[in-house]
Amino acid sequence: MQVSCFTVGNFQVNTYLITDEATGQSAIVDTGETRELVQRLQALDPAPDVRMILLTHGHLDHAGALSFLQEAWDVPTYLPRDEKPLFDTLPMQGTMFGMPHLDRPCGRIDHWIDDGFSIELGETTLRFLSTPGHTPGQGCFYDENDIIVGDTLFAGSVGRVDFPLSDPQKATASLRRLLELPGHLRVHSGHGPVTTLEKELKTNPFLGYLREERGLPGGPGFRWA
Ligand SMILES: [Zn+2]
């Protein structure tokens, strides 16, 4: 699977075009909240063969441009089921950041997905791991080499858990599950640079509790929940 990152919109969110190399079939992961991603993808030559839209979670910067994407690519769209309460607030989420209500439809969710879901993208099997905490149902999409984690985990940090529908204790448990996946997985976050699970387990100051649990060096780090 080839992973291309497009950093877009007012929140400088990382969105992704992931492509199965055997067939050239692609999925878009997350949207930004402006038309920028559509414009950048439409400028690609050759044009991407977009087969699906996957959303990690229902925050404005990750899902707010869904209707723009669906105007350009009328393809099945997937969102974690437990994100429905948050997705329903999409039109007014911008007010938290001094932005106006969305003046357009939010777009269409075709498939509400749960932990353990998997889907074929060409010859690539994409798996879904539910990692709630930052939001009620946020999740990650991964294959044998790459994982797209939304705002679950960042290089040197973790997703905020102080939003109205956040749950710090669920985030702690979710990161524990996420870090049980193979350490070589390249981590593509919703913001910031690429890292690996192994590197974050060793050095991320917010994952000290996992190092403690596993008897790894690196210190307890920051107590955040
Ligand atoms: Zn978020």
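## Contacts of F87

Contact here means heavy atoms within 4.5 Å. The model is predicted. Setting aside neighbours within four places in sequence, F87 is in contact with G58, A63, L66, L79, C106, G107, I109 and W112.

## Nonpolar cores

F87 belongs to the largest nonpolar core, which has 25 residues. Along with I28 and W73, F87 touches the most other members. Several elements each supply at least two residues of this core: β1, β2 (13-19), α1 (36-42), β4, α2 (60-63) and α3 (66-72).

Six strands form an open sheet with mixed pairing. Their order is β1-β2-β3-β4-β5-β6. β1 (2-8) and β6 (111-113) are the edge strands, and each pairs on one side only. From one strand to the next, the twist averages 25°.

Strands β4 (residues 49-54) and β5 (residues 77-80) run parallel and are joined by 2 bridges. I53 has T77 in β5 as its bridge partner.

## The zinc site

H57 (NE2), H59 (ND1), H134 (NE2) and D151 (OD) coordinate the zinc ion at 2.2 to 2.4 Å. Along the chain, the donors follow the spacing H-x1-H-x74-H-x16-D. H59 sits in the loop between β4 and α2, and D151 in the loop between β10 (146-150) and β11 (153-154), so the pair ties together parts 92 residues apart in sequence. H59 and D151 are both buried.

Why is the arrangement irregular? The 4 donor atoms subtend angles of 90 to 165° around the zinc ion. Four donors count as tetrahedral only if all angles lie between 85 and 135 degrees.

Note on methods: Residues are numbered from 1 along each chain as its sequence is written. This is a predicted model: local features need pLDDT of at least 70, side-chain atom pairs count only at pLDDT 80 or more; totals for chains, interfaces and linings use all residues. Side-chain values use heavy atoms; hydrogens and water are left out. Two strands pair if DSSP finds at least two bridges between them. Helices (H or I, at least four residues) and strands (E, at least two) are DSSP runs, numbered from the N terminus. Axes are lines fitted to C-alpha atoms, for helices over the stretch in contact, and angles run from 0 to 180 degrees between N-to-C directions. A nonpolar core is a set of buried Ala, Val, Leu, Ile, Met, Phe, Trp, Tyr and Cys residues joined through side-chain atoms within 4.5 Å. Buried means under 20% relative accessible area, exposed over 50%, partly exposed in between (1.4 Å probe, protein chains only). Donors are N, O and S atoms within 2.8 Å of the metal (3.2 Å for Na, K and Ca); water is not among the atoms, so sites may look incomplete. Four donors count as tetrahedral if all angles lie between 85 and 135 degrees; four count as square planar and six as octahedral if opposite donors are over 155 degrees apart and all others between 65 and 115; anything else is irregular.
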